[in-house]
Amino acid sequence: VSADPASGLLGTDRPLAELFDLALVDLDGVTYRGPEPIPGAAEGLAGARSRGMHLVFVTNNASRDPSQVADHLTTLDIPASSDDVVTSAQAAAALLGTRLAPGARVFVVGGAGLHTAVAAAGYAIVASADDAPEAVVQGFAPEVGWRQLAEAAYAIQAGAWHVASNLDLTLPNERGLAPGNGSLVNAVVAATGIEPVSAGKPAPTMFLLAAERVGARATLVIGDRLDTDSAGARAAGFPVLHVFTGVSSPRDAILAAPNERPNYLAADLMELLDAHPTPVRTVDGWWTCRGGAARVIDGRLEWRGVAATVPERVDLVRAACAAAWAAVDAGGALDPNTVPEFDVEDDQRVGRAR
Ligand SMILES: [Mg+2]
């Protein structure tokens, strides 16, 4: 299954859960939102499993062990074991193996999840730059402080390879945006001037690691962020289902850069059990998707159609993505001011221009 170069959106007559034998599922914004489960997630994933789809949960969070992630999912009625989870800590440990010999000395900045992953991969964790580590691997943990960042900087200046679990600048919580691993990595980079490599999304490392572990025939990535999940899926060469239950909105999808475009769109994970229609080009530059239609004229997005139900609103977004992406790919411009904010769950906001 490869992306249509004309639009990037794919269609299927069969449920996605039958077309693909492996789904790499993002966590926050896809299976839960903060402490709350996302409606349809547990039911859609259970239905997908019953149709033969294998699930692996893929997270940029390096601070939790796979078993902690699995326990959390299980409490949300999504049964999982640690084998069903890939974290960016594990991906960072795998990345070390592309340059380091087994048993090599590594300095770890991070929490239990990262220490466990690096030790499990067979490296010798050292306590100081004076132990001449060959690599510094850095992941987020609330207890990371200046002493560890300074030790990392000394080691990197002495030639150690700097590997980050992920470069997310922020860590959203109920009080606002806290500094994420990328911000702490940047503190070290400011001192060393040496850019690290990163294992987390949007790098493809975790997706490739998970697909290899399962030995899948056809892999689908599922995410809510275009700049991490969708970009990472494209970098790995896997199609991506974007769900509108998290960060990136329909407007974001319509305006997405080519390397961040999703291949399938859905209101929630119940649509894993459905066929997905393909937008079709018709006369006068209109793209239609069942009852939805859209076109770009002189750089302006126009759309029309019934938008009374959630599926109808998703079809409208599909048509709009196809029209917008085709216009941009043909060398045309798209005025973002003509692309309204749009919520597939709430028709009150349909058509409200910014
Ligand atoms: Mg997410």
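These exercises work through salt bridges in a predicted model.

Residues are numbered from 1 along each chain as its sequence is written. Local features need pLDDT of at least 70, side-chain atom pairs count only at pLDDT 80 or more, totals for chains, interfaces and linings use all residues, and side-chain values use heavy atoms, without hydrogens and water.

**Exercise 1.** State how many salt bridges the whole structure holds.

*Solution.* Start with the rule: a salt bridge is a side-chain nitrogen of Lys or Arg within 4 Å of a carboxyl oxygen of Asp or Glu. A search of the whole structure then finds eight.

**Exercise 2.** Find what the pair Asp 329 and Arg 261 ties together.

*Solution.* Check the contact: their side chains form a salt bridge at 2.9 Å, N to O. Asp 329 sits in helix α11 (residues 310–329) and Arg 261 in the loop between α10 (250–254) and β15 (264–266), so the bridge ties parts 68 residues apart in sequence. Helices (H or I, at least four residues) and strands (E, at least two) are DSSP runs, numbered from the N terminus.

**Exercise 3.** Classify Asp 315 and Arg 290 as buried or exposed.

*Solution.* Take the cut-offs: buried is under 20% relative accessible area, exposed over 50%, partly exposed in between (1.4 Å probe, protein chains only). Asp 315 has 4%, so it is buried. Arg 290 has 56%, so it is exposed.

**Exercise 4.** Name the residues that shared partners join into one network.

*Solution.* Asp 315 bridges to Arg 290 at 2.7 Å, N to O. Arg 318 bridges to Glu 271 at 3.3 Å, N to O. Salt bridges with shared partners join Glu 271, Arg 290, Asp 315 and Arg 318 into one network.
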